[in-house]
Amino acid sequence: MGNAYCMLCGCVDQASVGVVERWGRFDRLAQPGFQFYNLLAGECLAGVLSTRINSLDVKIETKTKDNVFVQMHCTIQYRVIKENADDAFYELQNPREQIQSYVFDVVRAHVPRMTLDELFEQKGDVAQAVLEELEKVMGAYGYNIEHILMVDIIPDASVRKAMNEINAAQRMQLASVYKGEAEKILQVKKAEADAEAKYLGGVGVARQRQAITDGLRENILNFSHKVEGTSAKEVMDLIMITQYFDTIKDLGNSSKNTTVFIPHGPGHVRDIGDQIRNGLMEAASAQVNVE
């Protein structure tokens, strides 16, 4: 491999190793630094190998167990073993092609046993299988495999589109469930708030009526004590008539209509007084039941 350099002396660069031959046969390895060669003894520098890490990108197209064609991008990092540089120099003409062939062979042997989902989940296992095979084979030729990276797995375009649609449908379904739960909670809370508002409104009305009843009772008692000869019923009728006229006055002042028709007459006043009195008594009874 390579051409022989017949010279008296020379330098081998850092991170490199030289191969020295004597009369066309391998003699020794020349380490980095200044080197002397005995031309009279037939010594010459046959070639120089770099011991730096090299990178090889490989693209493999294969098929999975569920009949999906995928393209895999694999990166292999390898280097020459210094102690076995003579094997790397003499045994392989083109190590990159050799490594690529083994990668093709191992990947196409493992991937067809996996589904597409399993391949994405276990791509590290595929890389490990390739590493073990290459270390076993390339080690005999003086090369060490440092790392193998499965950079990317690219399914067919139609398969990617179908996978994206499935994923989008699942997310839409999940979003619909969350939206339904949120609407359910909103309606439940709204119903609870409406029930609570009605309950509090009822309590407020009951307390209002109780306050009116207490005020009327106090007014009747005061009027009966100050005006002798009046009964509680007469005082109650007088108060009811007064409140009736006050109500008509307020209605006329606050109403937007120019005309309000209200049934009115001497008999109506008595009927209204009876109705108000009965309503107040029912309100007081309801308040007692609530408490």
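Visitor: Why is Lys189 called exposed?
Guide: In this predicted model, Lys189 has a relative accessible area of 52%. Exposed means over 50%, so Lys189 qualifies.

Visitor: What makes Lys189 and Glu192 a salt bridge?
Guide: Their closest N and O atoms are 3.9 Å apart. The cut-off is within 4 Å, so the pair counts. Lys189 and Glu192 are three residues apart in helix H5, about one helical turn.

Visitor: Why is Glu192 called partly exposed?
Guide: Glu192 has 46% relative accessibility.

Visitor: Why is Glu43 called buried?
Guide: Glu43 has 9% relative accessibility. Buried means under 20%, so Glu43 is buried. Its salt-bridge partner is Arg28, with the closest N and O atoms 3.6 Å apart. Glu43 lies in strand E5 and Arg28 in strand E3, so the pair ties together parts 15 residues apart in sequence.

Visitor: Why is Arg28 called partly exposed?
Guide: Arg28 has a relative accessible area of 26%. Buried requires under 20% and exposed over 50%, so Arg28 falls in between.

Visitor: Which element has the lowest mean pLDDT?
Guide: Helix H7 (residues 266-290), at 61. Where pLDDT is low, predicted coordinates should not be read in detail.

Methods:
Residues are numbered from 1 along each chain as its sequence is written. This is a predicted model: local features need pLDDT of at least 70, side-chain atom pairs count only at pLDDT 80 or more; totals for chains, interfaces and linings use all residues. Side-chain values use heavy atoms; hydrogens and water are left out. pLDDT is the predictor's confidence in each residue, from 0 to 100. Helices (H or I, at least four residues) and strands (E, at least two) are DSSP runs, numbered from the N terminus. A salt bridge is a side-chain nitrogen of Lys or Arg within 4 Å of a carboxyl oxygen of Asp or Glu. Buried means under 20% relative accessible area, exposed over 50%, partly exposed in between (1.4 Å probe, protein chains only).
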